[in-house]
Amino acid sequence: MNVIRALLRLAVGAWLALVLCADRTAAASTKRQLEQLLDTENHTNNWAVLVCTSRFWFNYRHIANTLSMYRTVKRMGIPDSHIILMLADDVACNPRNCYPATVFDHPQKTTDLYGDNVEVDYRGYDVTVENFIRLLTGRVEPHTPRNKRLLTDDKSNIFIYMTGHGGEDFLKFQDSEEINSYDIADAMQQMWEKQRYREILFVIDTCQANTMFSKFYAPNVLSIGSSKKGENSYSHFHDRDIGVSVIDRFTYYNLKFFESVDMSSKHTMADLIGTYNTTLIHSTPGVRTDLFARKLEKTYLTDFFGAVQEVELTPEAFPIGQKQASI
């Protein structure tokens with residue numbers, strides 16, 4: 001009898017151990033599912049900050065770069081209320097422009113980038129290093145209007161695009177001042193500490209662009225540049241009518257890829273980066289992923305470029321077209 005009781009105790013103990021183990025496995029699985037759900041819910045809105053730092057007519061292409069990117073993010077669904085557009089000069093109304101009130105990014109002039117629906121938030125001499133840093137960190141003056149504020153939170157994904165003339169660790173603003181890689185790195189760290197973003201996609205098209213994100217240290221930042229240290233970033237499509245180049249190569253080939261992308265696209269950042277061809281771009285684009293938590297293959301382009309739509313599920317079909325009962 002003692003032997004039988006001992007065997008029964010061992011069997012019960014083994015059974016309890018299996019139950020506890022199964023419970024722990026189920027609990028761990030449930031925890032992972034909740035984390036995935038929360039991770040999805042933590043992304044509720046997208047913003048874009050598009051900055052052209054150049055002035056003067058001969059920098060026409062930098063205006064076109066920025067307006068082309070502006071057109072793309074709007075087409076993908078980000079509204080003007082979530083786009084901050086900074087243009088240091090207005091080439092559309094420049095007396096040298098033989099096509100007044102227009103800006104084109106191709107000699108065929110099929111698309112007027114300026115059009116009738118462009119909302120410039122910072123124009124001319126308002127495009128300064130100080131205003132850019134204040135915009136990112138939220139340290140704007142109390143009287144600053146809403147369209148000049150980056151009203152993001154810890155659930156916001158932000159796309160930051162910059163173009164202009166630069167060099168190793170600096171980017172010129174209107175040929176009168178410079179912002180360096182340390183300035184932007186510190187601003188992003190302040191943004192993280194103040195819970196002003198969830199993830200950032202930082203893209204820059206300038207000479208030696210990759211050095212501009214070499215000093216970043218804030219988490220959840222994915223950075224892409226047009227050229228490595230010691231390399232120039234080159235223009236594309238010289239327009240004989242206008243007399244200047246109308247776009248930069250790196251920006252052009254990014255936009256060319258985006259023409260095949262819409263709001264429902266499943267293309268990823270890996271797909272975009274995989275199209276970079278140094279022979280066509282004439283420089284070596286760089287990608288920094290060590291601060292970014294997700295894999296590029298799992299990061300959809302629409303995570304930054306598309307509108308985030310909230311969907312409410314109801315237990316019953318909504319009677320569209322039927323007369324609703326009065327309340």
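Trainee: What makes helix H5 mostly covered?

Mentor: In this predicted model, nine of the 10 residues of helix H5, which spans residues 249-258, are buried. They are Arg 249, Phe 250, Thr 251, Tyr 252, Tyr 253, Asn 254, Leu 255, Phe 257 and Phe 258. Buried here means a relative accessible area under 20%.

Trainee: Why is H2 called roughly parallel to H5?

Mentor: The axes of helix H2 (residues 60-75) and H5 cross at roughly 20° and come within 10 Å. Angles under 35 degrees count as roughly parallel, so H2 is roughly parallel to H5. The crossing of H2 past H5 is left-handed.

Trainee: Which residues make the contact of H2 and H5?

Mentor: H2 contributes Asn 65, Ser 68, Met 69, Thr 72 and Arg 75, while H5 contributes Thr 251, Leu 255 and Phe 258. Sorted by class, that contact has three nonpolar, four polar and one charged residues.

Trainee: Why is H3 called roughly parallel to H4?

Mentor: Helix H3 (residues 129-137) and helix H4 (residues 181-193) have axes that cross at roughly 25° and come within 8 Å. With a cut-off of under 35 degrees for roughly parallel, H3 is therefore roughly parallel to H4. H3 passes H4 in a right-handed crossing. On the H3 side, the contact is made by Ile 133, Leu 136 and Thr 137, and on the H4 side by Asp 183, Ala 187, Gln 190 and Met 191. Its classes are four nonpolar, two polar and one charged residues.

Trainee: How do you know whether Met 86 is buried or exposed?

Mentor: The relative accessible area of Met 86 is 0%. The limit for buried is under 20%, so Met 86 is buried. This residue belongs to strand E2 (residues 83-87). Apart from its neighbours within four places in sequence, Met 86 is in contact with Leu 50, Val 51, Cys 52, Thr 66, Tyr 122, Val 127, Phe 132 and Leu 135. Met 86 and Tyr 122 are 36 residues apart in sequence, and their C-alpha atoms are 4.6 Å apart in space.

Trainee: What makes Asp 248 count as buried?

Mentor: Its relative accessibility is 2%, and buried requires under 20%; Asp 248 therefore counts as buried. Asp 248 is placed in strand E11 (residues 244-248). Leaving out residues up to four places away in sequence, Asp 248 touches Arg 61, His 62, Asn 65, Thr 163, Asp 205, Tyr 234, Ser 235 and His 236.

Trainee: How many of the residues in the protein are buried?

Mentor: Buried residues make up 48% of the 327 residues. The protein has eight helices and 12 strands.

Key: Residues are numbered from 1 along each chain as its sequence is written. This is a predicted model: local features need pLDDT of at least 70, side-chain atom pairs count only at pLDDT 80 or more; totals for chains, interfaces and linings use all residues. Side-chain values use heavy atoms; hydrogens and water are left out. Helices (H or I, at least four residues) and strands (E, at least two) are DSSP runs, numbered from the N terminus. Buried means under 20% relative accessible area, exposed over 50%, partly exposed in between (1.4 Å probe, protein chains only). Axes are lines fitted to C-alpha atoms, for helices over the stretch in contact, and angles run from 0 to 180 degrees between N-to-C directions. Angles under 35 degrees count as roughly parallel, over 145 as roughly antiparallel, 65 to 115 as roughly perpendicular and the rest as oblique. A crossing is left-handed if the near helix is turned anticlockwise from the far one by less than a right angle, and right-handed if clockwise. Contact means heavy atoms within 4.5 Å. Ala, Val, Leu, Ile, Met, Phe, Trp, Tyr, Cys and Pro count as nonpolar, Asp, Glu, Lys and Arg as charged, and the others, Gly among them, as polar.
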